Amino acid sequence: MHIHILGICGTFMGGLAVLAKQLGYRVTGSDANVYPPMSTQLEQQGIELTEGYHPSQLDPAPDLVVIGNAMSRGNPCVEYVLDRNLPYISGPQWLLEHVLQDRWVLAVAGTHGKTTTASMLAWVLEYAKLEPGFLIGGVPGNFPVSARLGSAPFFVIEADEYDCAFFDKRSKFVHYHPRTLVMNNLEFDHADIFPDLAAIQRQFHHLMRTVPSNGRVLFPQADDNLTAVRKMGCWSEVELVGQDDAKWKAVKLADDGSAFEVWLDGEKQGEVHWECIGEHNVNNGLMAIAAARHAGVMVEHGIAALCQFTSPKRRMELKGTVAGISVYDDFAHHHTAIETTLSGLRAKVNKVGEKARILAVLEPRSNTMKLGVHKEELAGCFASADEVFFFQPPNIGWDLGEVTAQMTRPAKVFNDLETLINRLVAESRDGDHILIMSNGGFGGIHDKLIARLKDYHGQL
């Protein structure tokens with residue numbers, strides 16, 4: 001059977017393509033922009049990619065077209081599918097019908113940390129020799145691919161609240177039917193499809209309604225937005241994760257979160273010493289251990305697994321160091337994620353002694369950012385940076401100068417990538433940490449910057 005995937009280079013659709021290939025389907029796909037790491041992964045799996053949406057890619061007609069949520073009416077391939085009555089389906093529904101049916105699904109939902117926590121959870125189950133299947137919205141560090149079928153029964157999935165397709169506006173995760181559900185956190189996001197926080201809370205409650213009574217939902221103790229969701233009605237077992245009187249809690253042994261104790265029911269279970277940093281990752285790790293325990297993994301094995309955990313690509317990923325200047329890539333694109341990522345890096349670099357400089361670079365590329373929904377909060381989330389460099393995309397509907405005018409940190413706005421790179425090269429010095437944040441390819445800035453730094457310092 002031949003399936004063709006429209007929007008194949010999205011993290012979810014790319015993972016779905018890998019699963020379909022493992023099931024024995026002939027898989028092809030197309031996308032408007034094909035870039036690593038997903039394009040590399042797909043090509044390594046022998047999946048044929050087409051750039052663009054010319055309808056010729058659907059002739060001869062595939063047996064089924066899987067349509068990603070980035071596709072809309074007016075897209076040439078979408079119109080071709082509808083006009084010729086070709087069979088089509090959304091990605092989440094295909095996943096439920098062909099992969100998740102009869103599996104013990106462990107789903108990770110939340111505004112932040114889904115990819116990292118799902119990667120942790122999959123790795124903990126793998127460490128316990130349970131050979132889980134998984135679909136993760138990124139390329140996990142402990143696995144060579146972002147998705148695999150695995151051995152029954154366990155399947156870990158990153159549960160995204162974004163909608164399914166132009167013909168199915170429900171959140172993706174309502175198709176997943178989890179038995180173990182991690183509710184990591186909840187803030188207003190995806191302003192392009194949700195009018196307010198209450199609309200997202202309703203979708204999260206729809207997800208909770210699909211968890212069976214013998215299933216389990218893990219909640220953070222101190223998240224008011226998720227507490228409100230729980231009060232809307234919960235029919236499953238509940239475990240609270242957090243501090244104080246929560247069933248699960250973590251006690252940091254290092255300010256940067258690189259070591260912490262795990263406590264369950266008031267008793268210390270062990271210590272995690274790992275490469276991750278930041279309060280958010282401590283919480284992510286605790287959630288992963290708790291979720292794995294529901295699947296039968298002993299807490300001590302979960303702790304041992306996290307000590308060997310490697311972060312997914314684009315999550316505080318060190319891309320290279322030139323002349324003592326470290327360049328990082330991070331997916332942060334929401335003001336809370338920007339703040340927590342920077343504070344984690346600050347705690348890490350401060351451990352070395354003399355305070356190192358952090359140069360923060362942000363491309364506000366997400367739909368929510370482009371709409372300017374969180375622009376009032378942006379100015380205050382760079383407190384841990386020494387200098388801030390904004391890139392103004394051509395398709396953003398507001399002026400980033402509105403943010404820099406409110407900032408106490410030195411901040412500059414650039415609308416040309418080459419000019420931005422040249423300024424970073426000129427202003428950086430030995431000991432600096434350059435943190436680049438975007439949820440897209442950002443014009444290949446990381447490799448270009450590293451190459452330019454090598455040229456510049458080689459000429460000094």
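Between which helix and which strand is the place of Asn-85? Asn-85 sits in the loop between helix 3 (76-83) and strand 5 (88-90). The model is predicted: local features need pLDDT of at least 70, side-chain atom pairs count only at pLDDT 80 or more, and totals for chains, interfaces and linings use all residues. Residues are numbered from 1 along each chain as its sequence is written, and side-chain values use heavy atoms, with hydrogens and water left out.

**Overall fold and dimensions**

- The protein has 15 helices and 23 strands; helices (H or I, at least four residues) and strands (E, at least two) are DSSP runs, numbered from the N terminus.
- The protein is as compact as a globular protein of its length, because its radius of gyration of 22 Å is close to the 23 Å that the globule rule gives for 460 residues. The radius is taken over C-alpha atoms, and the rule is 2.2 Å times the number of residues to the power 0.38.
- The C-alpha trace spans about 60 × 60 × 40 Å along its principal axes.
- Of the contacts between residues at least 6 apart in sequence, 64% join residues at least 24 apart; contact means heavy atoms within 4.5 Å.

**Surface and charge**

- Buried residues account for 58% of the 460 residues. Buried means under 20% relative accessible area, exposed over 50%, and partly exposed in between (1.4 Å probe, protein chains only).
- The accessible surface comes to about 18200 Å², and carbon and sulfur atoms hold 47% of that area. Accessible areas come from the Shrake-Rupley method with a 1.4 Å probe; for residues, only the protein chains shown count as cover.
- The protein carries 41 positive and 55 negative charges, whose mean positions are 1 Å apart. Lys and Arg count as positive and Asp and Glu as negative, while His and the chain ends are not counted. Each charge is placed at NZ of Lys, CZ of Arg, CG of Asp or CD of Glu.

- Two strands pair if DSSP finds at least two bridges between them.
- Strand 13 (residues 216-220) and strand 14 (residues 237-242) run parallel and are joined by 5 bridges; Pro-220 has Val-241 in strand 14 as its bridge partner.
- Strand 1 (residues 2-6) pairs with strand 2 in the parallel sense over 5 bridges, and His-2 stands opposite Arg-26 in strand 2.
- Strand 2 (residues 26-31) is largely enclosed by the rest of the structure, because 5 of its 6 residues are buried.

**Backbone geometry in loops**

- Most residues other than glycine have a negative phi, and most peptide bonds are trans.
- Asp-59 and Pro-60 are joined by a cis peptide bond with omega of about 5 degrees. Pro-60 belongs to the loop between strand 3 (48-51) and strand 4 (64-67).
- A cis peptide bond also joins Ala-152 and Pro-153, with omega of about 10 degrees. Pro-153 is in the loop between strand 8 and strand 9 (154-159).
- Asn-85 has a positive phi, near 55 degrees. Its relative accessibility is 68%, so Asn-85 counts as exposed.
- His-177 has a positive phi near 50 degrees and lies in the loop between strand 11 (168-171) and strand 12 (180-183). His-177 is partly exposed, with a relative accessible area of 41%.
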